[in-house]
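Let's take a walk through a protein together.

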Amino acid sequence: QVQLVESGGGLVQAGGSLRLSCAASGRTFSSYLMGWFRQAPGKEREFVAHITWSGGSTYYADSVKGRFTISRDKAKNTVYLQMNSLKPEDTAVYYCAARVRIAGTYDYWGQGTQVTVSS
């Protein structure tokens, strides 16, 4: 079993920055892919970004490309999401997830951290 714990959320003004962290623990951590998702009130959960654990290849949703950066620290079993130039529409609960296989759905999810961007 793998546990994912997000932190770093909060309230920030538009144009500001936040860095989210996702710490993985449990059995020897080995995932193929780590992702960030978000869910705004009244909306479905949407993909934000992912990174391959081994090679560090990244992919972003168009809505955050150029503003958000996903990274990982293998030694700390932690994934980060650096969010710059935040907009009110970025307000959501942000979730970290891990997928242990090359394909398929994500296997583990964190509890989420709230990000609120005021205008």
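We begin with the whole chain and then visit some residues one by one.

A few ground rules first: residues are numbered from 1 along each chain as its sequence is written, and side-chain values use heavy atoms, with hydrogens and water left out. This is a predicted model, in which local features need pLDDT of at least 70 and side-chain atom pairs count only at pLDDT 80 or more, while totals for chains, interfaces and linings use all residues.

What is the secondary structure of the protein made of? There are zero helices and 11 strands. Here helices (H or I, at least four residues) and strands (E, at least two) are DSSP runs, numbered from the N terminus. Written out along the sequence, the pattern is β-β-β-β-β-β-β-β-β-β-β. The protein has a radius of gyration of 13 Å, close to the 14 Å that the globule rule gives for 119 residues, so it is as compact as a globular protein of that length. That radius is taken over C-alpha atoms, and the globule rule is 2.2 Å times the number of residues to the power 0.38. Along the principal axes, the C-alpha atoms fill a box of roughly 40 × 25 × 25 Å.

How much of the protein is buried? Of its 119 residues, 45% count as buried. Buried means under 20% relative accessible area, exposed means over 50%, and partly exposed lies in between (1.4 Å probe, protein chains only). The accessible surface of the protein is about 6100 Å², and 48% of it belongs to carbon and sulfur atoms. Such areas come from the Shrake-Rupley method with a 1.4 Å probe, and for residues only the protein chains shown count as cover.

Contacts tell us how the chain comes back to itself. A contact means heavy atoms within 4.5 Å. Among the contacts in the protein with a separation of 6 or more, 53% are between residues 24 or more positions apart.

Now find Arg38, which sits in strand β4 (residues 33-39). Is Arg38 buried or exposed? Its relative accessibility is 6%, so Arg38 counts as buried.

Next comes Ser21, in strand β3 (residues 18-26). With a relative accessible area of 16%, Ser21 is buried. Leaving aside neighbours within four places in sequence, the contacts of Ser21 include Val5, Trp36 and Tyr80.

Move on to Ile51 in strand β5 (residues 46-52). Ile51 has a relative accessible area of 2%, so it is buried. Beyond four places in sequence, Ile51 touches several residues, among them Tyr32, Met34, Ile70 and Val79. Ile51 and Asp62 are 11 residues apart in sequence, and their C-alpha atoms are 15 Å apart in space.

Loops deserve a look too. Trp53 lies in the loop between β5 and β6 (58-60), and at a relative accessible area of 8% Trp53 is buried.

Asn77 is in the loop between β7 (68-73) and β8 (78-83), and Asn77 is partly exposed, at 23% relative accessibility. The phi of Asn77 is near 50 degrees, a positive value in a residue other than glycine. Most residues other than glycine have a negative phi. Ser85, in the loop between β8 and β9 (92-99), also has a positive phi near 50 degrees. Ser85 counts as partly exposed, with 41% relative accessibility.

Our last stop is Asn84, found in the loop between β8 and β9. Asn84 is partly exposed, with a relative accessible area of 29%. Leaving aside neighbours within four places in sequence, Asn84 is in contact with Gly16, Ser17, Arg67 and Phe68.
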